There are 2 protein chains.
Amino acid sequence: MESGTFKQVQKMLNGLQPAAIAHLLDSSPPQRRIILWRLVDKELEGEVLQELSHDVQAQILARMESSEVAAITEDLSADDVADILQHLPDQVIQEVLAAMSHQNRQRVESVLSYDEDTAGGLMDTDVITVRPDLTLDVVLRYLRRHESLPDSTYSLMVVNRRDIFLGILPLTRLLTSDPNMTVREVMDTNVVVLHPDMKDSDVASLFERNDWVMAPVIEENGRLLGRVTIDDVVDVIREDADHSLMSLAGLEDDADTFASVTRASPRRAIWLGINLLTAIIASSVINLFQDTIDKVVALAVLMPIVASMGGVAGSQTLTVVIRGMALGHIGRNNLTWLLSREFQVGAINGLLWAVVMGIIAAVWFEDITIAWIIAAAMVINLIFAALAGALLPIVLKGLRIDPALAGGVALTTVTDVVGFFAFLGLATYFYT
Amino acid sequence: MESGTFKQVQKMLNGLQPAAIAHLLDSSPPQRRIILWRLVDKELEGEVLQELSHDVQAQILARMESSEVAAITEDLSADDVADILQHLPDQVIQEVLAAMSHQNRQRVESVLSYDEDTAGGLMDTDVITVRPDLTLDVVLRYLRRHESLPDSTYSLMVVNRRDIFLGILPLTRLLTSDPNMTVREVMDTNVVVLHPDMKDSDVASLFERNDWVMAPVIEENGRLLGRVTIDDVVDVIREDADHSLMSLAGLEDDADTFASVTRASPRRAIWLGINLLTAIIASSVINLFQDTIDKVVALAVLMPIVASMGGVAGSQTLTVVIRGMALGHIGRNNLTWLLSREFQVGAINGLLWAVVMGIIAAVWFEDITIAWIIAAAMVINLIFAALAGALLPIVLKGLRIDPALAGGVALTTVTDVVGFFAFLGLATYFYT
């Protein structure tokens, strides 16, 4: 690039919001990404880094010195720094922490002590607290002494002398109440609090259902630790929702859309290997019936239809159940109802398309026996598919295996094996 | 139920937050749902209704009189009422509006005039506005005259005499600035605003990227119409993310997990019908090669493996591309790079598993020819799968067909047809 154009691009880039710069980096193939990153102004680097998808963040961090990481994350809030560091190797984290100022290190370490996917890992510690016995007038004067308040301050936290959480004082209530009243009189004590080890997906459900923008995090003993804000929860909601979609195809969530060939191939190769294994299992079922196929070649033509319809029907049930589980809809008390519904839907749709396919087969191969066989096999496979689609995710979850990741493969194995077995088994019975 | 237990259940239920009651209803099979709904206190009905998933909402509304709907939605904000009404038939909407108080009707009608999936449809009109020439002290006294401020008031809107939007005054800034300064001096004018016809998914991206909790909606001429708040945006994010997952299985997003058999069957039946058609297309490819299969039955055993591997590889690419499109990562300038990456990943993984499968086939059937044939067919199919997985969603989007809905079916058709054609075609060439 000529130096003039170069300067112009640089100026344009740094005129954007950090989030927009991050989006541009996320949308760029690896080489363009490295060039763009070099053009980002030093003082914007921290904010841009924080907005990048995890995978891209990791790639950029891998090229940096620990001291650089410490410098550019200096102005970020503790939870955002912790979020960035959590994806680095342990040794690098220690180096970065060592390079930080004492105060920053303490703040970040307190967040890092919690698992990334808990309320503690999401929380930031930048909270304005007030005592219950102050009058609102004093609180107003106290706030006015601040240059500015931390981002996303919608409420003040009320704590006693020992930092025990007592309630919240929304700014709106502070503004509409009589200044001579005390904090205790106007604070909201009917507050649902989070514990630091609560799972982040549960935190997200609470925010989503209750339309929260902020929630306090307190220790077992009632001491206030910090707060979780909606901007971090939105990321959790997006990642959780992405998770089912990506896992069903054997992909990592929050993966880089523009991962290089060497980064994209291995994970997909493993997934294809697992699928090869299950496909061979299904094929070995066909292998059992070689003699029958040898006699009636039309069976080879029709058998993929039975397997395919089972796969589609099963994946519909599987998707409904995986999503229902993610939304917290499915529990013991409604499982029987769900199974019975899926059984009925499977049976009805099985019968419907079995009749259609039976007629098509009869006309196509001018053979009424093959029509009956494919119709019966389809009904059997669609019922099995519905039950497998509903039960597999629940069984897998009980075994602590991610249903979204393993469910799809397990399901296709069932529908292929049952489909080929039913169809070729019935054919063997009727033709030999 | 005995009347005592009944009363107890009712008391427990109405002690919950409206969102928790809604979640309980969402998680219940139809009959239990109707019983629970009858137990909800009259004054909670509006709030509970608003928190229900759209599908469940519609079922409950279908059983209500227009006057009842008007009564229970009276205390909700205009955007929430509009959200509920939008799912009703036009005639019922008119009846409900007619049953409302004049003021409520006007507020709701202004939101209803915009498409449900636009910023206008998401917006509420409950905004506190101030003039730029007031001092902060006057603003503080003005706010104190309010009993309370509308939910999610984090900023005041600054407008001139003709309601033209000038900027926002965050409550935090109001609280930390000198009361003698004017609104004009402290307000934030560097505000990104929304236009009412902006798509809701674009609104969601903006909120997500910029960590907003609120954004003003203004007309072309600059007049302030209302604001969009994060709680409504979170619902959009969840629905958008759900959309890809559900559509790939041919299901409706925001569908009721506990839809009855008669509600769940038709949509799934249509999807199975479409799949039957594509499966028959694939089978008719096999039909072309009956003579070859008649000669070498092992082909029938192995051919589903080629098709299955293509399907899995293709759906990995498809998922990456559909998600990348939903996140706004993929555009013209990086499409070539993406295609080339997918081609390479497909070729590498194709070669890898072709070698493995070739060896397995050679050992299994003691036939070196069939080993070469399946290996070659797998490489061909995995490359086609990668290209189809990347191009199909882009082509479909260009044709204004939802890639998440049609992509999966179109892809399997390609990978089945190419897989069977390559494998059986090569076999015909070498064996006959």
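This is a predicted model: local features need pLDDT of at least 70, side-chain atom pairs count only at pLDDT 80 or more; totals for chains, interfaces and linings use all residues.
Strand 5 (residues 224-229) of chain B is mostly covered, with six of its six residues buried. Strand 5 of chain B pairs in the antiparallel sense with strand 4 (residues 214-218) of chain B, over five bridges. Chain A can be laid on chain B by a turn of 180°, and a salt bridge between E342(B) and R268(A) joins the two chains.

**Strands 4 and 5 of chain B**

- A215(B) has V228(B), in strand 5 of chain B, as its bridge partner.
- The hairpin made by strand 4 and strand 5 of chain B has five residues between the strands.
- Within this hairpin, G222(B) takes a positive phi near 95°.

**Open sheet of chain A**

- In chain A, three strands form an open sheet with the order 1-2-3 and mixed pairing.
- Its edge strands are strand 1 (129-130) and strand 3 (165-170) of chain A, each of which pairs on one side only.
- Strand 2 (residues 155-159) of chain A runs antiparallel to strand 3 of chain A, and five bridges join them.
- L156(A) has L169(A), in strand 3 of chain A, as its bridge partner.

**Relation of the two chains**

- Two copies of a chain are related by a rotation about an axis together with a shift along that axis.
- For chain A laid on chain B, the turn is 180°, the shift along the axis is 0.0 Å and the RMSD is 0.1 Å.
- This is the relation of a two-fold axis.
- Both copies use the same surface, as 100% of the contact residues of chain A recur in chain B.

**Helix 14 of chain A**

- Helix 14 (residues 200-210) of chain A has buried residues D200(A), V203(A), A204(A), S205(A), F207(A) and E208(A).
- From chain A, the cover over these buried residues includes helix 10 (119-122), strand 4 (214-218), strand 5 (224-229) and helix 15 (230-248).
- Helix 15 (230-248) of chain B also takes part in covering the buried residues of helix 14 of chain A.

**Salt bridges**

- The count over all chains comes to 20 salt bridges.
- One of them is between the side chains of E342(B) and R268(A), at 2.8 Å from N to O.
- E342(B) lies in helix 19 (residues 332-365) of chain B and R268(A) in helix 16 (residues 261-288) of chain A, so this pair joins two chains.
- E342(B) is buried, because its relative accessible area of 0% is under the 20% limit.
- R268(A) is also buried, with a relative accessible area of 5%.
- A network of salt bridges links R268(A), R341(B) and E342(B).
- In chain A, the side chains of E342(A) and R341(A) meet in a salt bridge, at 3.0 Å from N to O.
- E342(A) is buried at 1% relative accessibility, and R341(A) is buried with a relative accessible area of 1%.
- E45(B) forms a salt bridge with K42(B), where the closest N and O atoms are 3.2 Å apart.
- Both E45(B) and K42(B) lie in helix 4 (residues 42-51) of chain B, three residues apart, about one turn of the helix.
- E45(B) counts as buried at 5% relative accessibility, whereas K42(B) counts as exposed at 56%.

**Helix 6 of chain B**

- S66(B) is found in helix 6 (residues 66-72) of chain B.
- At 11% relative accessibility, S66(B) counts as buried.
- Leaving aside residues up to four places away in sequence, S66(B) touches V92(B), E95(B) and V96(B).

**Nonpolar patch on chain A**

- L391(A), V395(A), L399(A) and I401(A) make a nonpolar surface patch of about 340 Å².
- V395(A) has its place in helix 20 (residues 368-398) of chain A.
- V395(A) counts as partly exposed, because its relative accessibility of 46% falls between the 20% and 50% limits.

Note on methods
Residues are numbered from 1 along each chain as its sequence is written. Chains are lettered from A and ligands numbered from 1 in the order in which they are written. Side-chain values use heavy atoms; hydrogens and water are left out. Patches are made of residues with over 30% relative accessible area and no salt bridge: like charges are joined within 9 Å, nonpolar side chains (Val, Leu, Ile, Met, Phe, Trp, Tyr) within 5 Å. Accessible areas come from the Shrake-Rupley method with a 1.4 Å probe; for residues, only the protein chains shown count as cover. A salt bridge is a side-chain nitrogen of Lys or Arg within 4 Å of a carboxyl oxygen of Asp or Glu. Helices (H or I, at least four residues) and strands (E, at least two) are DSSP runs, numbered from the N terminus. Buried means under 20% relative accessible area, exposed over 50%, partly exposed in between (1.4 Å probe, protein chains only). Copies are superposed by least squares on the C-alpha atoms of residues with pLDDT of at least 70 in both. Contact means heavy atoms within 4.5 Å. Two strands pair if DSSP finds at least two bridges between them.
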